[in-house]
Amino acid sequence: MAASRLSLALLLVLAVAGRAAAQDYDFFYLVLQWPGSYCDTKQSCCYPKSGKPAADFGIHGLWPNRDDGSYPQNCDPNADFDPSKVSDLLSSLRAKWPTLACPSNDGTTFWSHEWEKHGTCAEDIFDEHGYFQAALRLRDQLGVLRALTSAGVNPDGGYYTLAQIKNAISKGTGFEPYVECNTDEAGNSQLYQLYFCVNAAGDSFIDCPVLPNSKPCGNRIEFPAF
Ligand code: 5GP
Ligand code: 5GP
């Protein structure tokens, strides 16, 4: 009797441990980065082993977030990034989620970091393959660069207002991003990252429940070439 109760308890523990944790977030940020603005800073950058990426917005990450602005991170120490699980996505990841950090590498460091820090907090809906596939699909769905250039906002080192950038993207994609700037070597404010919000199912864009906090861009924003 005692033994069977013990094994029942053990089974229960194993079953719970094997399951992904309950959802501890309300939505996602899909964060895109402009490579020109990552590279022309004081810190500079390194092209990935596969060569200079296309002059287009790349993915930084798909980040689970809560409505109060807080977010979970590093949720599963047992889920190390395994490149073999995304082997069919590697060419898309190289093209659309390129790493620009130094020293030059193939992207594995960046993808591991994003999966382990953020992806593991959405294991209730995504395994590793599903996480990367969802981010790639969402990025493709937006066509952000096309939206900007169609409105005359070009990556040519020119300056634009925050309204010009936001309006161009809203008109072209249907969703208004949060715009984050950094500064180039000369100290000019420039278009660095775009934050879009995605529902908790990870499959459609929504209006953002809360905006990230970073210091404002100012109203003269450079869009550097890459
Ligand atoms: P930073 O301090 O450079 O803005 O952000 C550093 C890192 O913290 C980001 O790359 C990201 O991993 C995480 N992070 C910063 N802000 C947010 C946020 O609002 N939501 C989530 N989910 N992660 C964030
Ligand atoms: P987060 O800010 O998402 O927590 O961290 C980003 C991490 O990924 C940093 O350790 C950064 O060095 C690394 N990383 C590698 N490649 C890139 C890249 O192209 N862009 C950004 N923002 N971080 C990168």
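Which residues surround ligand 2? The legends below take up this question, starting with the ligand itself.

**View 1. The residues around ligand 2 in the predicted model.** Ligand 2 is surrounded by Gln33, Tyr38, His60, Pro98, Thr99, Leu100, Ala101, Phe110, His113, Glu114, Lys117 and Tyr192, where a residue counts if one of its heavy atoms lies within 4 Å of the ligand. Helix 4, which spans residues 108-117, gives the most to this shell, with four residues; helices (H or I, at least four residues) and strands (E, at least two) are DSSP runs, numbered from the N terminus.

View 2. A polar contact here is a pair of N or O atoms within 3.5 Å. Lys117 places a polar side-chain atom 2.8 Å from an oxygen atom of ligand 2. Of the 500 Å² of accessible area that ligand 2 has on its own, the protein covers 71%, with areas taken from the Shrake-Rupley method with a 1.4 Å probe.

View 3. For Tyr71, a polar side-chain atom lies 3.3 Å from a nitrogen atom of ligand 1. Ligand 1 exposes 490 Å² when taken alone, and the protein buries 63% of that.

**View 4. The protein that holds these views.** The protein has seven helices and seven strands, and its C-alpha trace spans about 80 × 35 × 30 Å along its principal axes. Of its 226 residues, 44% are buried, that is, under 20% relative accessible area (1.4 Å probe, protein chains only).

**Notes.** Residues are numbered from 1 along each chain as its sequence is written, and chains are lettered from A and ligands numbered from 1 in the order in which they are written. In this predicted model, local features need pLDDT of at least 70 and side-chain atom pairs count only at pLDDT 80 or more, whereas totals for chains, interfaces and linings use all residues, and side-chain values use heavy atoms, with hydrogens and water left out.

Key
Buried < 20%, exposed > 50% of the residue type's maximum accessible area, 1.4 Å probe, protein only. Polar contact = N/O pair within 3.5 Å; in protein donor to acceptor, adjacent residues only side chain to side chain.
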